[in-house]
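Here are my notebook entries from a first look around.

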Amino acid sequence: MPSPVPADRRHETEYDRRRLRQWLAGEARADGVTRRQLLTLLTATAAGTTLGTARPARAADRTIVKPLPAEWFIERGTNAETRWEALRGTGHHTPNELFFVRNHTATPVLKADDWRLRLWGSGLRGSPGEDRPVEFGYDDLRALPAVTRTAFVECAGNGRSYYTTQQGETVTGTPWTLGAIGVARWRGVRLAEVLRRAGLSPRAVDVQPRGLDAEYVSGGESLGRVRRPLPLAKALDDVLLAYEMNGEPLPYDHGHPVRVLVPSWVGIASIKWVGDIEVSAQPLFSPWNTTFYRLFGPAHPEGGSAPLTRQAVKSAFELASGATFEAGRGHVLHGRSWSGAGAVARVDVSTDGGAHWRPARLHDRPRTGTWTRWSLGWSPDTPGTTHLLARATDTAGRTQPDTAVPNTQGYLFDAVVRHPVNVV
Ligand SMILES: Nc1nc2c(c(=O)[nH]1)N[C@H]1C(S)=C(S)[C@@H](COP(=O)(O)O)O[C@H]1N2
Ligand SMILES: [Mo]
């Protein structure tokens, strides 16, 4: 059996403990996080308390710039979920027009010409302060060596609604089905390259990119602009500052002119509209690695898990819920599976609610950080309703379970989803 906690999560758990101890000793900064929240993480208090609720959007708010035709998207407050049936036949990469949008507030329309990226903090050599930052313009970034990579961006809450509909759990947050994921070919410059040029100090431990979108208000309180610390080891590994998405300049809704792209990790790490990056010799906290994006609840450590890093294993059919199939004819079912812990090794499909399983044919050479498309023939002979199920196994040995371990905010749903269809 694979360990339930992946190696890098264990590593993050240890680092998080150290970060918290340093905070206790007055050696870590925690702007926008209350003392009480940090004490909750450190000690056992109200475990299972529901923390954080998203601000409901007023219907009149226009928070997304691109068109959201109803045949492609399900609008959810400030966000828009891609319909899986719209991905049928789109190829490996999700077209930009179809890519889901997750906005805490609203898309800011920024001009590349006016944009500057500011790097500052105690983790830079000579410790430039807020008043003496290192700056890069858009053209400066474009002049640096470019790299291209295919990677998914997926919300940590993707599949959240199934905690309720399949498992009867009450969870907070946007009730996504499975459409809060997209795969794009991102082009940009390695964050490691920019940090090196800015003068990274050997004392740096965390970097914290921050968005230029409006401050996020939750429960009547401003939590400041969207930002989340990233351990230096990940920042130096495979993180990009991306300025192109599928060969086009980054669209407004996806972070124009530049976003952070953190392969395989929860979507919140990939900060859009990045305006500055704090490079710190002290560990950092923000609401997005304390109150949010940890696992809370009876099944998790008292005070919450370590901050979420890699995504779970999931699968989806390129079909609408309740899609119709003609009996007595041959059909081909299509779908995609992905994992944050490795490539997809195999996918098994059931067309009879889980009684029998057949291996699907994989259509992509399995790769880390992106999905694998698959298909399976199906000739239903009896009219009626049934459920289609797909179960993926990744190269790290993780297989989708029948039931996901619940958490109060409904993150990382990894169980096999029961997809209803009608045979007529
Ligand atoms: N500045 C900023 N960055 C952000 C967010 C945001 O609201 N503001 N949302 C995050 C979350 S929760 C997710 S899942 C991804 C979504 O990326 P997308 O909208 O390009 O699909 O962006 C992340 N980066
Ligand atoms: Mo997200």
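Which residues form one aromatic cluster? I found Phe-99, Phe-100, Trp-176 and Trp-186 in it. A note on what I am viewing: this is a predicted model, where local features need pLDDT of at least 70, side-chain atom pairs count only at pLDDT 80 or more, and totals for chains, interfaces and linings use all residues. Residues are numbered from 1 along each chain as its sequence is written, chains are lettered from A and ligands numbered from 1 in the order in which they are written, and side-chain values use heavy atoms, leaving out hydrogens and water.

**Aromatic pairs.** I searched the whole structure and got 14 aromatic pairs. One of them joins Tyr-138 and Tyr-243 edge-to-face, at 6.4 Å centre to centre with 75 degrees between the planes. Rings of Phe, Tyr and Trp (its six-membered ring) pair if their centres lie within 6.5 Å, and planes over 60 degrees apart count as edge-to-face. This pair links distant parts of the chain, with Tyr-138 in helix 3 (residues 138-143) and Tyr-243 in strand 11 (residues 240-245), 105 residues apart. Helices (H or I, at least four residues) and strands (E, at least two) are DSSP runs, numbered from the N terminus. I looked up both tyrosines, Tyr-138 and Tyr-243, and they are buried, meaning under 20% relative accessible area with a 1.4 Å probe, protein chains only.

**A loop residue.** Next I checked Asp-114, in the loop between strand 2 (79-82) and strand 3 (116-120). Asp-114 counts as exposed because its relative accessibility is 56%, and exposed means over 50%.

**Another loop.** Tyr-252 sits between strand 12 (248-249) and strand 13 (259-261). I noted Tyr-252 as partly exposed, at 37% relative accessible area.

Key
Rings of Phe, Tyr and Trp (its six-membered ring) pair if their centres lie within 6.5 Å; planes under 30 degrees apart count as stacked, over 60 as edge-to-face and the rest as tilted.
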